[in-house]
Amino acid sequence: MHESALRLVRAQRAALAHRWIDRFLQQYGIQTPEGLALLTLAEAYLRIPDAATGAKLIAEKLTDGDWRAHRGASPSWRVNALTRGLMLARWLLQPGAAPKHTPSLAAYLMRPWVALSMQMLGRQFVFGRDIQQALERASRRELRRFEFSYDMLGESARTDADAQRYLASYHAAIVAVGRRAAARGSSAANDGVSVKLSALNCRYEPLQFEHAVPQLIEVVGALARAARGYNIGFTIDAEESERLEMSLAVIAAVAADPALQGWDGLGFAVQAYQLRAPALIDWAEDLAARAGLRLTVRLVKGAYWDVEVQR
């Protein structure tokens, strides 16, 4: 299994080797202090409302890394040029390395450059403002070899009206993706749509299990049947660990729907960092056998680990 995973990752990286931004992400992976500093900056900077705090964040994150260790390490000259720029930025931002007041001034002057860089980095993960824009970008020649699972970002229903709005958006996304999909063959070979249960019910909370889960089963089942009708994939995303049992109850009920028998498009995400991830994969295998489905399992590092570690 280890060798198979390595082979898949290497093939994916090779397929993206012609894109300098992917070379950059490979050089500065999240497993390195420098990659972690850049991704933290990318996530936080654009949310900061005032210039002073933004400048402080830039100074903190760009002085954290040993950029010199990456000098000339990438086969891309663009990545190596950016590395030299980061080395220069670190030197300018270090107290005592340059004339008085230079570090704070440099941080202010770097703000437009950092904002532009973070937007470029963000476009690797956010394909558009709506599903049509995302589909147009995915149709570019260099991306046609890949399949995508389209997900809305930032959704979380606070009211029933929010949940109804997100439900309508998911239906619209299924229709839009489905119209471009191949009508025959494996659903897993086509693009798909990912949904978050927290977007579909405003009381998706452990204490509201008996109230929320039956409603979610009905709503998610209808979405899954629509996805099957268009022969596209349908993935239920992972969320906070305390909601996992609710999510599994919904997934098990939807998988048992007679209308989905024989379908290979239903799947869900597993937070690979959790200790119960192996047991969860065993549960998925057993569920697929009982339901007569081929479930797809998406292993993810986990977007909630920082919050859960803090808790």
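Trainee: Is the crossing of helix 10 and helix 11 left-handed or right-handed?

Mentor: This is a predicted model, in which local features need pLDDT of at least 70, side-chain atom pairs count only at pLDDT 80 or more, and totals for chains, interfaces and linings use all residues. Residues are numbered from 1 along each chain as its sequence is written, and side-chain values use heavy atoms, with hydrogens and water left out. A crossing is left-handed if the near helix is turned anticlockwise from the far one by less than a right angle, and right-handed if clockwise; by that convention, the crossing of helix 10 and helix 11 is right-handed.

Trainee: Why are helix 10 and helix 11 described as oblique to each other?

Mentor: The axes of helix 10 (residues 209–229) and helix 11 (residues 244–255) come within 9 Å and cross at roughly 45°. Angles under 35 degrees count as roughly parallel, over 145 as roughly antiparallel, 65 to 115 as roughly perpendicular and the rest as oblique. The two helices, helix 10 and helix 11, are therefore oblique.

Trainee: How do the residues of the contact of helix 10 with helix 11 divide into nonpolar, polar and charged?

Mentor: With contact meaning heavy atoms within 4.5 Å, helix 10 contributes residues including Phe209, Leu216 and Gly221, which meet residues of helix 11, among them Glu245, Met246 and Val254. The residues of this contact of helix 10 with helix 11 divide into 12 nonpolar, 1 polar and 1 charged.

Trainee: Which kind of aromatic pair do Phe148 and Tyr150 form?

Mentor: Rings of Phe, Tyr and Trp (its six-membered ring) pair if their centres lie within 6.5 Å, and planes under 30 degrees apart count as stacked, over 60 as edge-to-face and the rest as tilted. The structure holds 5 aromatic pairs. For Phe148 and Tyr150, the values are 6.1 Å centre to centre and 35° between the planes, and the pair is tilted.

Trainee: Is Asn231 buried or exposed?

Mentor: Asn231 lies in the loop between helix 10 and strand 3 (233–236), and its phi is near 60°, a positive value in a residue other than glycine. Buried means under 20% relative accessible area, exposed over 50% and partly exposed in between (1.4 Å probe, protein chains only). At 10% relative accessibility, Asn231 is therefore buried.

Trainee: Which residues does Asp162 touch, not counting residues up to four places away in sequence?

Mentor: Asp162 has its place in helix 8 (residues 160–179), and at 16% relative accessibility Asp162 counts as buried. Leaving out residues up to four places away in sequence, Asp162 touches Ala157 and Ala199.

How values were computed
Axes are lines fitted to C-alpha atoms, for helices over the stretch in contact, and angles run from 0 to 180 degrees between N-to-C directions. Helices (H or I, at least four residues) and strands (E, at least two) are DSSP runs, numbered from the N terminus. Ala, Val, Leu, Ile, Met, Phe, Trp, Tyr, Cys and Pro count as nonpolar, Asp, Glu, Lys and Arg as charged, and the others, Gly among them, as polar.
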